[in-house]
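Have the viewer open as you read.

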Amino acid sequence: MDDSPLGSSLGPPLDPHQDAHHAPHDGAHPAHPAHHDDPGTAGGLLEAAPTVLVLALVLVAAAGYLLAVRRARRRNPAQGWSAWRTASFLGGLAVVAVALLPPLGPAAHTDFRGHMAQHMLIGMYAPPALVLAAPVTLALRALPPAGARRITSLLHSRFARLVAHPAAALVLSTGTLGLLYFTPLYDAAMGHPAGHWLMNAHFLASGCLFAYAVAGPDPAPGRPGVPARLVYLGVAIAAHALIAQAMYGGFFVHVHAPVDEVRQAAEIMYYAGDLAELLLAAALVATWRPERGRRRERPVSGSVRGGPGSGGVAVGRPASGRPVSGRPASG
């Protein structure tokens, strides 16, 4: 009897010696299509190239963010920049590095459990940390006015409003998982090194997009209210759970890997995915700033609101007939 909540909801477990892919096939399949390098120095350099590239990209991203923080603080020393946001960005980059560098990075090529752990880190844990660092707001503060205007125009464009909507972000981040694991797409991607890196890039980009659409502190024109975003987050939680349960039971799975690996990967997706989405919900609640309604007062007869340089002072004659000057303007 399987004690896992996933197994209890999906019936008896599959044969541990059976391949997770139920389509007929000849011969034994490896966990993932292996990538063979030429022996010798050339093979060693090819194996080291991804590690060097990942380290370079992470260091460049960290340096760029820190440089932007320095410029923002110089432009407006009084406003400054939150050290928590800087720490959040650097922490998100550290999670990306852990997912892509040894030992987890190479293991994801040969073990489906390693792939799923990498997927969780890149697609669900790193994105909220990167998004909560408010990189768009930082860019608006650090760039010259012309650059800031271009970013603002992009945020207000029709394309940005469409892609940054929680519904579109949900389809790109969660909806594509069914296409990946229930069709031959996953095996095809793992058959080529470029396909594997493109898959990781999709996980990171779509995860950041969903975190931005749901709980991002950066400006997002057209973003729905908090109740609607909580609904989209709930749909994502339910979809992840259904995909993990189907994977655990072997329903529709199209992954050439031992059943034990697939089931354990499904458990990683089930539990780690729920935790990541609960953390995102907590971030949404923590960053929610409800707008306070402005108290409207009856305008005073004859009052004139001061212009720019007047300090917002109204001078006029109230209904009592007593002249009053220097009274602060209402609103």
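This is a predicted model: local features need pLDDT of at least 70, side-chain atom pairs count only at pLDDT 80 or more; totals for chains, interfaces and linings use all residues.

Pro 103 sits in the loop between helix 3 (83-100) and helix 4 (104-110); helices (H or I, at least four residues) and strands (E, at least two) are DSSP runs, numbered from the N terminus. The peptide bond from Pro 102 to Pro 103 is cis, with omega near 5°. Most peptide bonds are trans, and most residues other than glycine have a negative phi.

Ala 134 has a positive phi, near 55°, and belongs to the loop between helix 5 and helix 6 (135-142). Phe 252 also has a positive phi, near 65°, in the loop between helix 12 and helix 13. Which of the two labels, buried or exposed, goes with Ala 134? Ala 134 counts as buried because its relative accessibility is 3%, where buried means under 20% relative accessible area, exposed over 50%, and partly exposed in between (1.4 Å probe, protein chains only). Phe 252 is exposed, at 66% relative accessible area.

Residues are numbered from 1 along each chain as its sequence is written, and side-chain values use heavy atoms, with hydrogens and water left out.

The protein chain has a mean pLDDT of 81, with 73% of its residues at 70 or more; pLDDT is the predictor's confidence in each residue, from 0 to 100. Over residues 8-17 the pLDDT stays under 50, and the model has 15 contacts beyond four places in sequence for them (contact means heavy atoms within 4.5 Å). Residues 293-331 are also below 50 in pLDDT, and this stretch has 29 contacts in the model beyond near neighbours in sequence.

## The overall build

The protein chain has 13 helices and two strands. Of its 331 residues, 39% count as buried. Take the contacts between residues at least 6 apart in sequence: 74% of these join residues at least 24 apart.

Ala 257 has a relative accessible area of 0%, so it is buried.

What does the side chain of His 256 make a polar contact with? The partner is the side chain of Asp 187, at 2.9 Å. A polar contact is a pair of N or O atoms within 3.5 Å; within protein, one must be able to donate a hydrogen and the other to accept it, and residues adjacent in sequence count only if both atoms are side-chain atoms.

## Ser 206 in helix 11

Ser 206 lies in helix 11 (residues 193-215). It counts as buried, at 7% relative accessibility. The side chain of Ser 206 reaches the backbone oxygen of Phe 203 at 3.4 Å. Beyond neighbours within four places in sequence, Ser 206 is in contact with Leu 172 and Ser 173.

## The largest pocket

The largest pocket has a volume of about 540 Å³. On a 1 Å grid over the protein atoms alone, a pocket is an open set of points with protein on both sides within 12 Å along at least five of seven lines, while a cavity is a set of points where a 1.4 Å probe fits but cannot get out; lining residues have an atom within 4 Å of a point. Grid points are joined across faces, edges and corners, and a volume is the space filled by probe spheres set on the points.

This pocket is lined by 27 residues, with Leu 155, Val 163, Ala 164, Leu 209 and Tyr 212 nearest its centre. Helix 5, helix 6, helix 7 (145-155), helix 8 (158-163) and helix 11 each give two or more residues to the lining, and helix 11 has the largest share, seven residues. By class, the lining has 20 nonpolar, four polar and three charged residues; Ala, Val, Leu, Ile, Met, Phe, Trp, Tyr, Cys and Pro count as nonpolar, Asp, Glu, Lys and Arg as charged, and the others, Gly among them, as polar.

## The largest cavity

The structure holds two cavities of 30 Å³ or more, and the largest has about 200 Å³ of space. Of its 18 lining residues, Gly 123, Met 124, Gly 207, Phe 210 and His 240 are closest to its centre. Helix 5 (112-132), helix 9 (166-181), helix 11, helix 12 (226-249) and helix 13 (259-287) each supply at least two residues of that lining. The lining divides into 10 nonpolar, seven polar and one charged.
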